[in-house]
Every structure is written in C-alpha cells, then in structure tokens.
Amino acid sequence: MLKVMMKDLIMNRNALVANLFIMAAVLVFICSWEEGAPVGTYAFFSGIMMAFVPIMIVTREDKFKAMALGCSLPVTRETIVRSRYLLSTGFAVMGILLAFVLAALVPSSRLSATELFRPETFLRALSVTTILIALLLPFTLRFGALGLILVMAAFQVLGIVALTMVKLTRSSADKAFVDSIVQAVGNLYTRLGSVGFDLLLAALLAAVLLASYGLSVWIFRRREL
Amino acid sequence: MTDQALQVSGLRKTFKGFTLNDVSFSLPKGYVMGLVGPNGAGKTTIIKLIMNLIAPEAGEIKILGLDNRKQGVEARARIGFVYDVMPFYADVSLRDTKRAIAPFYPKWNDALFQELASSFDLPLEKKVKRLSQGMRTKFALALALSHDAELLVLDEPTTGLDPVFRRELLHGLSGLLQDEGKSVLFSTHITSDLERVADYVTFIRNGSILLTETREVLREVWGVVRGEEASVAILDSKLWRGFRRYPHGMDILTSDASAARRALGDGVVVERASFEDIVVLLDGGEVHHA
Amino acid sequence: MRILISNSSPDPIYEQIVRQIKAQIISGELPEGAPLPSIRKLAHELQISVITTKRAYEELDKEGLLDMVGGKGTFVASQNQEFMREKRMKLVEAKLSEALDDARMLGVSYEELGEMLRLLWENES
C-alpha cells in the first residue's frame, strides 16, 4: 500500500506542488479578507480545498489512462483503494493543519491563532473534506474523472430539489417543518465545542469514511479497464 | 511444477457488438507464441483478461500454474508487460517512472535495468512525452525485462514502428530469450513479425481461435494449393483448412501439402503456406465444395 | 560452424541443418568434442524457431553424432573411428561414382581415367 502511495506521489509530484502553491495563495487571500472572515468560513474553505488533491490525482490518472498501469502491477485492487483513501485523508489532515498554520502566521491574516487551533475548527474543516472524499472516491473509482462531473451534477440536482421544495412549501406547517430541519443542521455546527459532540462527530465521520471505503472496494474490484 | 507458462481455457467475454468465444490455448515454458489476427479480432481483449484488467464471463487463465484472478498478485509479479499504448504519465521522467514501478517487483534488478537502458539508448532524465513511440516501447520493454519475469506479455509491440526498427526489436527480443525460463506471448496483426521470432502461432478472428500450431508444422506440413478451380476443388475435404476464389482460379489452404501433392498431381501448384496465406485463407475449418 | 538455411529449398529446415552438421562432422570440420552453439543461440542466429533447432540436434543425438549434455551444452560425439572411416569412404566412393558416370557419358576410357587420377594426386601432393 505504501508502494502505491509512493507511486501516486512520484507520478503527481509536480502537479501536487503546483496545487500547494495555488492553495496557499488562495488561503492567504481568504484569511486576509477585509471584512474579517470568521474562522468558521476559513475552516470551511480549507476543507473544500483539500478535497482538490484526490480530484487532481484522479483527473491526471484519467488523462493518461494510468489506471491500467496500476492494475497491471502485482497489487490487489483493494490495496489500490486503500492507498487512495489514505493519501486523500492524509493530505486532508496535513493540508488543513497547514492552512491553519498559514492563517496564524501570515501577517496580513485577520484570524486569531487561538480561534484557529481549537478542535472544533479543525473538525469543521475536516468534516467538509471527509464528506467530499467519501462521496468523490467511490464515484471516481468507478467512473474516473467523469465521476467528478456526476457528483457535481448530483449536487446541482440536490440543490434544485431543495430549492423547489422550499418554494413548494406553502402551508405553514410544511414551511415550519423545512425551517426546523435547516435550523437543526445549522445548530449542529454550533454544538461543536462540547467534547462529547466533537467525539461523536469524529466517530460519525470515521464511519462515513469506512462505509465509503467498503463501497469503493466493492466497486473497484469489479471495474473493467 | 507446471511446464506451461500460460494456459487459457474456455474464455468467454461479451461486449456490445463483439464476443470472445471459447478461447483456449497453451504456451509451454521457454517458447514464444505469436497471437495473430486482424484488428478487432480479440487479441487485446485476451491480453486484458490475462492481466486481469477485465474479468471473463467463463473460463480460466493459469499463469505459470497460478490462477490469474485468485493468485493475481503472485502471477503479475512474474509477468513483464508491454501494451500497445503504454499507460505512462507523459510528464514524468523515465527515471521517476522506473522509481515508481520498481518497488512493486520483489525480483527487481536495477543493474540489469541500467544495462538495458544504456543498450537501448534510453534518455532516463527525459519525460515520457519527449520519446518517440519506438523509444517508449523500448522503455516499456526494459522495465518488463528487469524483474526476472518468466512470462512476457506484449500487446502489438511492433505497431507504429518502422520496418527496420521492428526487425531490430524482434531480433533483439529473440536474443534476450536465450534463457529457457522465459516465455513470450505477443500479439500482432503483422504476419511478418512471426517469421522472426515465434515458435508457436495462434490465429484468432472475430473472437474465436482458428488454429494453434508450431511454426515448424505450419511451414513444413501445411501448404497452399493453387490452380484452376476444377483441378483443385477435387481435393479431399478433410484436407481443406480454408480457401479463396479468385478470377484466375482458387487457392486452398491444406494441412497436408504432401498428401495434396500426391492427390492432385502436376496440374496444380502446391507451395509452402506463408503466414499471410494462412491468415487470408483460414476460415475456421468450414469447408465449401464447388 | 557455418549453417546456411535456404528458405526456397523444398527440404524442411531441420533436415538442412542435420545434413550440414553431419557433413561437417564427417569431413572433420567439426572435430570430436567440439562444442556446438546452444539450440537457442542457433535459432536466434538463423532466425528460426528453437523447436526446429531442437529437433535437428535431437535427431543428430539419436544418430549418435552429437552428445546433448544437459546443463553443459551440446558437443560432437566421440565417433567410432571405424564408423567415421566408413562414412568418409562412402563419400569418396559416391564422388568417384559420379565422376565415373560423367566419364562414361563422355566416352573417357578407364586408362585415361587412371592417368587423370594419378596426375591430380601428384599435383596436389
């Protein structure tokens, strides 16, 4: 599995470095925002950005049809999947930490280190990345770069459905129901801070990731190249 | 211990518009087999099945005695592969590509790789995209040969190469196989490739194996009967393996040239069958009588 | 060891090889114990199938002209001296027969023939 991770690192080295610089630039920009972007938003954006690493790896793999190379090597499909998950989450964790360090050290930053280096900020970012990874990986392992488009399309569809539902809820009872759901989800994030909840969230994220992993293994074992 | 490098039995795989049907053949250790057929015949599909890139609906594949699906990792550690279009990252250097791939093979021999790289004149610092098709094939071959692979699987290795290069490559390949332990399966649609290096030849068309035979037998025992239809068509149908009608007469592919010669006498020409003759005339044993 | 394969000859390739090696052994070009190239090396050099070279060597092994020593290679077998002499004699005899046939056709007499032989022998000594 380490061999597969090394292979992916070597093959994508330049792209990764380039990505790193771009991400750093964007992050510096965000944390230096005049309006003083709240820490939460910064965390949110960092989370999203870290999901770009697996996206980049997958797009390059697709472009060069390199999956055929990986699968021709003496390595099981499961190992390939495992290394992809590890690489993605590894980059996510490291990337988010680095993003926070960046925001804390960069002189133009308007975010305070004390606010940044709290478990809940970290979890906020990580939860975004984890959910994205959990969604993206199975799709891309099955469809390659096309999987990305499918996921984005799915999000669009969900968004449209949500908007439509909101528009359609005329009766106050329905409206109240939808409102309460939105409230509850919003509230979830405010619950961050209590150790109990933090641990629960972490466990939940791990579970989601594991489920996604299981699905990916099942999918990739059957993938025809 | 098996003495077969590759055993393919009863493979079946259906795609839209094409079916690979009941494909079976074996390659004994230490020999070279050419898998020949027109484009779209199923050669690449067979190779993908061997490498477990796709799964068969029926049938099994044994590589050096190992099941290619259940013992895939062990099997692939002993296979060196070269594909028609090698799935390398074009913007990565040869050296880095090698660095990424080598650790997967327990028997990787870097000294040997360096030797091959220098005798092939490979510019290791350059990126893959800077290399011509021929050089890429040589690079892939160098990688495939550097981990003591017992089976080499080459999918159309000569495609896109000029005739001189092609000859060099095949002759070079033959030279590298002085070791009895190595076996080679290579697919091609260019029949002259077989003349240089194959010990066994398997003909495939439309997803079915038409024939597996040694180059020796095909050369010495088989033949082509050429003459006017009336003179040649009287040949015993048991000896027909294919035919073609032309304005000037008829060619019949026969699996026993001397018997044909005896039966038909001097009015017809009975010659050695070139691989091209075989590919053109072979029709899977269907016999048509005038 | 020089082997020339003719693609246009009606003889099977392995037969051509067998014949040429045999001739070289009999003529002494390939002395007893001389090593032969491996079947694979020969196949590679002649650009033919190793199955063919293997067949040729095995045939010669069967006839007692070669020794295929597993692991070490293939060597010219030590020949029964009588046997070799006999073979060489047969060769000479065959050539002489040919000459005789030609002579008869041309109307050369036995005495003229004898004289020719004596002159040739003396010239070459």
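**Note on a predicted three-chain model: contacts and chain shapes**

1. Chain B puts 11 residues into its contact with chain C, and chain C puts in nine; two residues are in contact if their C-beta atoms, placed from the backbone, lie within 7 Å. On the chain B side, helix H6 (163-176) and helix H8 (215-220) each supply at least two residues. H8(B) has the largest share of that side, three residues. Helices (H or I, at least four residues) and strands (E, at least two) are DSSP runs, numbered from the N terminus. By class, the side of chain B that touches chain C has two nonpolar, four polar and five charged residues. Here Ala, Val, Leu, Ile, Met, Phe, Trp, Tyr, Cys and Pro count as nonpolar, Asp, Glu, Lys and Arg as charged, and the others, Gly among them, as polar.

2. A word on the source. This is a predicted model, in which local features need pLDDT of at least 70 and side-chain atom pairs count only at pLDDT 80 or more, while totals for chains, interfaces and linings use all residues. Residues are numbered from 1 along each chain as its sequence is written, and chains are lettered from A and ligands numbered from 1 in the order in which they are written.

3. Chain B also touches chain A: 21 residues of chain B are in contact with 20 residues of chain A. Helix H2 (72-76) and helix H3 (94-101) of chain B are the elements that give two or more residues to the chain B side. H3(B) gives the most, with four residues. That side of chain B divides into 17 nonpolar, no polar and four charged residues.

4. Two pairs of chains are in contact, and of these, chains A and B share the most contacts. Chain A and chain C are joined by no contact; their closest C-alpha atoms lie 30 Å apart.

5. Chain B as a whole has 11 helices and 14 strands. Its C-alpha atoms fill a box of roughly 65 × 40 × 40 Å along the principal axes. Of the 290 residues in chain B, 45% are buried. A residue is buried if 20 or more other C-beta atoms lie within 10 Å of its own, exposed if 12 or fewer, and partly exposed in between, with C-beta atoms placed from the backbone. Of the contacts in chain B with a separation of 6 or more, 71% are between residues 24 or more positions apart.

6. Chain B is divided into domain 1 (4-217) and domain 2 (221-281), with bounds from an automatic or database domain assignment. The C-alpha centres of the two domains lie 34 Å apart. Six residues of domain 1 of chain B are in contact with six residues of domain 2 of chain B. The domain 1 side of this contact has four nonpolar residues, one polar and one charged.

7. Where does Leu64(B) sit in chain B? Leu64(B) is in the loop between strand S4 (58-63) and strand S5 (66-67) of chain B. Leu64(B) counts as buried because it has 22 C-beta neighbours inside 10 Å. Leaving aside neighbours within four places in sequence, Leu64(B) is in contact with Thr2(B), Ala5(B), Ala75(B), Arg78(B), Glu150(B) and Leu151(B).

8. Chain C has five helices and three strands, and from the N terminus on its elements run α-β-α-α-β-β-α-α. The radius of gyration of chain C is 19 Å, well over the 14 Å that the globule rule gives for 125 residues, so chain C is more spread out than a compact globule. The C-alpha atoms of chain C fill a box of roughly 55 × 35 × 25 Å, taken along the principal axes. Of the 125 residues of chain C, 21% count as buried.

9. In chain A, helix H8 (residues 119-143) and helix H11 (residues 195-221) pack at an angle of about 10°, with their axes 9 Å apart. H8(A) and H11(A) are therefore roughly parallel to each other. The residues of this contact divide into 16 nonpolar, four polar and three charged. Axes are lines fitted to C-alpha atoms, for helices over the stretch in contact, and angles run from 0 to 180 degrees between N-to-C directions. Angles under 35 degrees count as roughly parallel, over 145 as roughly antiparallel, 65 to 115 as roughly perpendicular and the rest as oblique.

Methods
The radius of gyration is taken over C-alpha atoms; the globule rule is 2.2 Å times the number of residues to the power 0.38.
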